[in-house]
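Subject: A structure for you to look at

Hello,

Here is the structure I promised to pass on to you. Please open it first, and then read my notes below alongside it.

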Amino acid sequence: MFDLDNTLADTAHRQRFLESRPRDWDAFFAAAPQDPPIPEGVALATASAEECEVVYLTGRPERCRRDTLDWLAAQGLPEGRLHMRRNDDRRPARRTKLETLRRLARDRDVRVLVDDDELVCDDAERAGFTVVRARWTAPSGTLRQAQEGEGRT
Ligand SMILES: [Mg+2]
């Protein structure tokens with residue numbers, strides 16, 4: 001199970017939209033198709049697809065689905081179900097993602113969660129899931145704060 005932002009997709013070029021006040025979430029998500037892929041994440045997802053089903057679990061809202069599917073295909077990433085946040089869901093990622101993880105784990109064996117968000121990883125580990133912490137991009141304080149406080153991504 002792979003997170004997208006800062007696990008597979010490098011969001012650094014659109015962070016600036018969250019540094020303005022008020023934060024410009026529409027611009028932040030609209031720029032996502034230009035995200036460069038992160039080689040370490042892409043390699044891990046590609047290798048995982050040899051052994052198991054790959055599923056994507058992102059805090060991006062449903063309205064980004066088309067763009068996100070196009071981006072995944074353009075990077076040559078494995079096909080897989082894409083779990084997104086409901087458009088009106090403003091809960092922190094660690095809540096929404098854990099909910100989805102637990103739901104999927106009811107009838108599937110979740111081998112590993114790959115995510116850059118330490119809070120998501122901590123909670124997933126506490127819930128008994130195996131986690132790989134994606135530490136291949138510089139942590140973004142702005143994005144983390146926004147994820148935690150505003151539940152947008
Ligand atoms: Mg992330």
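Predicted model: local features only at pLDDT ≥ 70, side-chain atom pairs only at ≥ 80, totals over all residues.

E51 has a partner: its side chain forms a salt bridge with R111, with 2.8 Å between the closest N and O atoms. E51 sits in the loop between α3 and β1 (56–61) and R111 in the loop between α5 and β3, so this pair ties together parts that are 60 residues apart in sequence. R111 is partly exposed, because its relative accessible area is 48%.

**Around R14**

D5 turns up again in a salt bridge with R14, where the N to O distance is 3.0 Å. Are these two buried or exposed? R14 counts as buried because its relative accessibility is 0%, and D5 is buried too, with a relative accessible area of 3%. The cut-off for buried is under 20%.

R14 also meets the side chain of D35 in a salt bridge, at 2.6 Å from N to O. D35 is in the loop between α2 (25–30) and α3 (39–48), and R14 is in the segment before α1, so the pair ties together parts 21 residues apart in sequence. D35 is buried, as is R14.

**Other salt bridges**

How many salt bridges does the structure hold? There are 21. Elsewhere, a network of salt bridges links E118, D122, E125, R133 and R135.

**Helix α5**

Last, have a look at α5, which covers residues 93–105. This helix has 13 residues and reaches 18 Å from its first C-alpha to its last, close to the 18 Å expected at 1.5 Å a residue. Its buried residues include A93, T96, K97, L98, T100, L101 and L104. As background for looking at that pattern, an α-helix has 3.6 residues a turn, so residues three or four places apart point the same way.

Enjoy exploring!

Best wishes

How values were computed
Residues numbered from 1 in each chain as written. Heavy atoms only, no water. Helix = DSSP H or I, 4+ residues; strand = E, 2+ residues; numbered from the N terminus. Expected span 1.5 Å × (residues − 1). Buried < 20%, exposed > 50% of the residue type's maximum accessible area, 1.4 Å probe, protein only. Salt bridge = Lys/Arg side-chain N within 4 Å of Asp/Glu carboxyl O.
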